[in-house]
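Morning, everyone. I'll take you through one structure, a few spots at a time. Please have a look at it first.

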Amino acid sequence: MQNFQFANPTKIIFGKGEIKGLPKEIPSDSKVLVLYGGGSVKKTGLLEAIKEVLKDYQLGEFGGIEPNPTYETLMKAVELIRKENYDFLLAVGGGSVIDGTKFIAAAVPFTQGDPWELVEKHLPIGTALPFATVLTLPATGSEMNNGAVITRKALQAKLPFFSPVTFPRFSILDPVYTYTLPNKQIANGVVDAFVHVMEQYLTYPVAGKVQDRFAEGLLLTLVEEGPIALQDPENYDVRANIMWTATLALNGLIGSGVPQDWSTHMVGHEITALYGLDHAQTLAIVLPSMLEVMKEEKEAKLLQYSERIWNIDVNLSPTEKIELAIEKTRNFFETMGVRTRLSNYGLGEETIEKIIAGLKAHGMVKLGEKGTVTTEVVRQVLGLSL
């Protein structure tokens, strides 16, 4: 196992009806801005419920944070906060709203230049407004980590940033608020969480048995519960397990002390920035092909994955087990309703060089746990993804 440090200050408040405790968590003298996305929080009544719970606070709201939150939209919120002097942010939604709120929280006190530099140049973030979340879409794990991914439409760039000061103070996770989600969003969330685990698990062995077993438990839970969630949307236990799995998939725990990959994500970000595909769709396209191209380097963990997750016959040859494990991974995504080929989304061979150019422009030329996923390797991966 590799050396590591692990700290996660986010308080998790999990279960039915827990938004009632919001006043206990937010300082009473706070001026609170509630941030949300496309309006589903209004349709479900969640926004009104939060307003009622926080009726004794100074409250404002900012809606319209889009999937793959954009710098252009988020800066409007930054301007509003600076003008109206809000001092606490409450993100109500899924990963996009939470990611956007992290950027906003860091951008408001940053007056030395364009806040985009925090993302593009990875400038150190000295301070951020305090913020918390009410999660409505389990997928990204953003409710319990310090990372975010922000898109700048004008530059066709989708880039990550991280900071010790951008952890949520607390996050409320109530599985009931996922009941009304469309199947597409649930499916995307399951695929997103699955690939988050894979990026930290499917690298090479370092005798991190605890991390491996945690990761395998999360993968198995998603394989078991994901299809049920599509068929039985108000099954509380199923939704609770998916919600908690998605949080644990990217709160830093399973990635501590083990190598991490993230090449699938970086390629996926370029596809989204260029062509607007959902994040999970890009991951479902790229991961099976990435595993195929990198199967020799990842052989030991692929064999472990094949046996522990897919129960593949130990009497098969290593090559057969690996090929079958990759096939089962692709089939799982398809079973969830997330297609796994560029052609499924009307994209063809002409996209490959544009994606490669985007990676080069953003300095993503040596990816993967060993830095061996070069642009030539990505070219092979995308060719297999057509």
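Predicted model: local features only at pLDDT ≥ 70, side-chain atom pairs only at ≥ 80, totals over all residues.

K20 and E18 meet through their side chains in a salt bridge, 4.0 Å from N to O. K20 is exposed, at 57% relative accessibility, and E18 is partly exposed, at 24%. K295 pairs with E292, and their closest N and O atoms are 2.7 Å apart. Both are partly exposed, K295 at 26% and E292 at 22%.

Next, K321 forms a salt bridge with E307, also with 2.7 Å between the closest N and O atoms. K321 sits in helix α13 and E307 in helix α12, so this pair ties together parts that are 14 residues apart in sequence. K321 is buried, with 7% relative accessibility, while E307 is partly exposed at 32%.

Now a loop. E369 lies between α14 and α15. Is E369 buried or exposed? It is buried, because its relative accessible area is 15%, and the cut-off for buried is under 20%. The side chain of E369 makes a polar contact of 3.0 Å with that of K298. E369 also touches other residues, including Y204, P259 and D261.

Last, the strands. β6, residues 147-152, runs antiparallel to β7, and six bridges join them. One of the bridge partners is L159 in β7, paired with I150. Four residues lie between the strands of this hairpin, and Q156 has a positive phi near 50 degrees. Five of the six residues of β7 are buried, so that strand is largely enclosed by the rest of the structure.

Technical notes. Residues numbered from 1 in each chain as written. Heavy atoms only, no water. Buried < 20%, exposed > 50% of the residue type's maximum accessible area, 1.4 Å probe, protein only. Helix = DSSP H or I, 4+ residues; strand = E, 2+ residues; numbered from the N terminus. Pairing = 2+ DSSP bridges. Polar contact = N/O pair within 3.5 Å; in protein donor to acceptor, adjacent residues only side chain to side chain. Contact = heavy atoms within 4.5 Å. Lists of a residue's contacts leave out its neighbours within four places in sequence.
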